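Morning, everyone. Please have the viewer open.

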Amino acid sequence: MSRAAPWAWAPLLPSLLSLLSPFWAPAGAEAQAASVLAPRQVRGLLGDNVTLPCKLQTQDHDVQVMMVTWTWQDPAGRPQSIAVFHPTQGPSYPSNPNFPEPSRLEFVAARPGEPLRDATLAVRGLRTQDEANYTCHFVMFPQGGRSAPTWLRVLAKPKNHAKPQEVLLSALSQEPVPVAHCISEGGRPPAQISWSLDEKANKSQVPGTLPGTFTVISVLTLKPTIQDNGKNVTCTVEHESFEEPSLLPVTLSVLYPPNVSISGYDNWYLGQREATLNCDFRSNPEPTSYEWNTSMGPLPSFAVAQGTRLLIRSVDESINMTFICYVTNVLGTGKAELTVMLREPPRDPSHPHLSHKTIIIIIVIIAIVFAVAVFTYLLFRRSRQKMYRPSANGTISYSAVSNNATSPQDLPTEGTR
């Protein structure tokens, strides 16, 4: 649409309309025959285009619209004319400090020579200064003036990002330290930031890169532990321009020397073919080296180090010792010790197996029984030899005792055989 030159008297329209409207406005039912429809609020994004709807609703088809004007309310509350449409002369855009570029305003539906019922106004290339109260005013004859205000709200969609802040674990530090940052840049109005972790967050706000915008910074702080390393937290950013909150995941990073332990020693026994020890660790950053050793010095020949794994090729009595694993990263070295004590081989249920202790006890018991038997046999034999010993001339003598003998004289005399 071609743009008409500004009317010389257009800046005086707000004052003229306020003076003429009371005289033109009829009373009674005629005053209710026409009304202006416009939204209470319109929102637009900074740099985008927006339309301010404004339509005349009337049941009187003969109503004559003499003029439509849009006014903008300056910070002091004074209305200033920014756009005028005449049914025959078309549009005009009065010079205004807030709209130095006439091309930013345009009536999108009104046409010269046509009934003027739609005064919708487009505002292009929104700036923060455009946020204000706009009033659409229809001047009619003989109904008088009708108007409706619309608040134009200018929003700027922020750019959001979050990142962890590496922190060195220290037993001496007792105060919370920053572990993550969440930043919402160039928003209008300022964004709202919250964290999924129920810890203290420090919030600050600075001007954005564009006039009228804001950058919000939220810093999450806590007393870090080893368990906090790798923990996932979420930064939530809420803003008027978002249909849904923006969720930004952050993985915390706590730096600490290796925390080491040894696993794999479980039910080893004599005669086992192979065994393995594992050097387990937690470390941030990652380790730079691993080393296996024993409390007596270097590894024996039957033990082979394979990084975090120690292979034991043969399991016998010589393996009973203390193994040590060292893990090193740029922050320091951690170690773990494990003492190996072998047990007896596992028993086969189909072939009961006696322990060395049990065998020794059985042998001792058998020896004792055997010794007692031999001793008893020797005593018995000696007793029999006394009972049946031979006489001097090689004959065996016997003696008998009568049950009726009462004196030595009655004893039988010795005989020979």
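This is a predicted model: local features need pLDDT of at least 70, side-chain atom pairs count only at pLDDT 80 or more; totals for chains, interfaces and linings use all residues.

Cys325 has 0% relative accessibility, so it counts as buried. Buried here means under 20% relative accessible area, exposed means over 50%, and partly exposed is in between, with a 1.4 Å probe and protein chains only.

Residues are numbered from 1 along each chain as its sequence is written, and side-chain values use heavy atoms, without hydrogens and water.

Back to the pair. The sulfurs of Cys279 and Cys325 sit 1.8 Å apart, in a disulfide; the cut-off is a pair of cysteine sulfur atoms within 2.5 Å. The S-S torsion is about -90°, so this bond is left-handed. Cys279 is in strand S21 (residues 275–284) and Cys325 in strand S25 (residues 322–329), so parts 46 residues apart in sequence are tied together. Strands are DSSP runs of E, at least two residues; helices are H or I, at least four; both are numbered from the N terminus.

How many disulfides does the whole structure hold? Three. Cys182 bonds to Cys235, S to S 1.8 Å. Torsion about -75°, so left-handed. Cys54 pairs with Cys136 at 1.9 Å. Torsion about -80°, so left-handed again. In sequence order, the pairing reads 1-2, 3-4, 5-6.

Last item. An unreviewed UniProt entry lists residues 359–380 as "transmembrane region". In the model, that span is 100% helix, with its end C-alpha atoms 32 Å apart. UniProt positions follow the numbering used here, feature names are shortened, and annotations may be inferred rather than shown by experiment.
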